[in-house]
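Keep the structure open beside you as you read.

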Amino acid sequence: MNLTAWQRLEKVINWTGLSIHAFAMTIGLKRSENIYRIRRGNNGISKTLAKNITNVFPEVNIDWLLARSDEIFLKLEDNDNSFGIPVYPLDKIQKSEPTDSDSLYHINIPTFNDCDMATFVTGNAMAPTIPHGVTILLKKCDIDNIVPGRCYLIIAGNSTCIRYIRTIAENPEKLRLVPENKTDFDELLMSKMQIEKLYVIQGVISSLSL
């Protein structure tokens, strides 16, 4: 079946479960306009764009994106759906310990493959460094191994936030949760005992140099 460039790209975007904007950010585009140009039929899928996509989503066949193959996905070793870092919706991380079946897909970034999982940022408390829509790479962290000044995903009951964590010398059982966007968000004070899950942010997928 002969598909247009947009039809091929749309299949991949739908497979990831991302919005066009989130997909563009995830594969390293600074703007989603490049994707919309393809949707309007103004541009095709360039080799550079295809490489950006397959670097983040290695299951996708670059030759299919470039209309040189009929197979959209590569057959990875052992039909490996656990290839790379599992990407979960944030609610799966909030509610329970996610399993591989909960993952949307996997990404393979050798520098960060020791991370436990990845998810998407909602909100702009840490903008501009970590804006809404980017993908963050997470490593589980013990509450007693916090490095003051680093950025963490913090889950405490029904509350989830991304903040820099700073300790309080006079009260070691309390933590300061500091936003980067201080114009729109306030600093929070939280007891260590309130924190149920803690993940250090090891990396942000927003603009990859590929």
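Glu33 is partly exposed, with a relative accessible area of 25%. In this predicted model, Glu33 forms a salt bridge with Arg40, and the closest N and O atoms are 2.4 Å apart.

Next, find Lys140 and Glu97, whose side chains meet in a salt bridge at 2.7 Å, N to O. Lys140 sits in strand E4 (residues 135-140), while Glu97 belongs to the loop between helix H6 (90-95) and strand E2 (105-107), so this pair ties together parts that are 43 residues apart in sequence. Both ends are partly exposed: Lys140 has a relative accessible area of 45%, and Glu97 has 44%.

What about a charged residue without such a partner? Arg8, found in helix H1, is buried yet has no salt bridge. The nearest side chain of opposite charge is that of Asp70, 9.2 Å away. Setting aside residues up to four places away in sequence, Arg8 touches Leu3, Ile45, Trp64, Leu65, Leu66 and Ala67.

Now for the interior. As a rule, nonpolar side chains in soluble globular proteins tend to be buried together. In this model the largest nonpolar core has 34 residues, and those with the most contacts inside it are Leu9, Phe23, Ile35, Ile45, Ile53, Phe57 and Ile107. Two or more residues come from each of helix H1 (5-16), helix H2 (20-26), helix H3 (33-39), helix H4 (47-56), helix H5 (62-65), strand E1 (85-87), E2 and strand E3 (117-120). H1 gives the most to this core, with five residues.

Leaving out its neighbours within four places in sequence, Ile35 is in contact with Trp6, Leu9, Ile13, Ile20, Phe23, Ala24 and Leu29. There is also a second, separate core of 17 residues, which includes Ile93, Ile136, Leu138 and Ile201.

Helix H4 is worth a look of its own. Its residues Leu49, Ala50, Asn52, Ile53, Thr54 and Val56 are buried. The elements covering the buried residues of H4 include H1, H2, H3, H5 and E2.

Which aromatic rings meet in the model? A search of the whole structure finds five aromatic pairs. In one of them, the rings of Trp15 and Phe57 have their centres 6.0 Å apart and their planes at 75°, so the pair is edge-to-face. Trp15 lies in helix H1 and Phe57 in the loop between H4 and H5, so the pair ties together parts that are 42 residues apart in sequence. Accessibility separates the two partners: Trp15 is partly exposed, with a relative accessible area of 28%, whereas Phe57 counts as buried at 0%.

Phe57 also pairs with Phe23, and this pair is stacked, with 5.9 Å from centre to centre and 5° between the planes. Because Phe23 lies in helix H2 and Phe57 in the loop between H4 and H5, the pair ties together parts that are 34 residues apart in sequence. Phe23 and Phe57 are buried. Step back from the individual pairs and you find that Trp15, Phe23, Phe57, Phe73 and Tyr105 form one aromatic cluster.

Finally, a word on confidence. The protein chain has a mean pLDDT of 87, and 92% of its residues reach 70 or more. Among the elements, E2 has the lowest mean pLDDT (82) and strand E7 (residues 174-178) the highest (97). Over residues 78-82 the pLDDT is below 50, and beyond near neighbours in sequence this stretch has four contacts in the model. Where pLDDT is low, the predicted coordinates should not be read in detail.

Note on methods:
Residues numbered from 1 in each chain as written. Predicted model: local features only at pLDDT ≥ 70, side-chain atom pairs only at ≥ 80, totals over all residues. Heavy atoms only, no water. Salt bridge = Lys/Arg side-chain N within 4 Å of Asp/Glu carboxyl O. Buried < 20%, exposed > 50% of the residue type's maximum accessible area, 1.4 Å probe, protein only. Helix = DSSP H or I, 4+ residues; strand = E, 2+ residues; numbered from the N terminus. pLDDT = per-residue confidence, 0-100. Contact = heavy atoms within 4.5 Å. Core = buried A, V, L, I, M, F, W, Y, C linked by side-chain atoms within 4.5 Å. Phe/Tyr/Trp six-rings, centres within 6.5 Å; stacked < 30°, edge-to-face > 60°. Lys, Arg positive; Asp, Glu negative; His and termini not counted.
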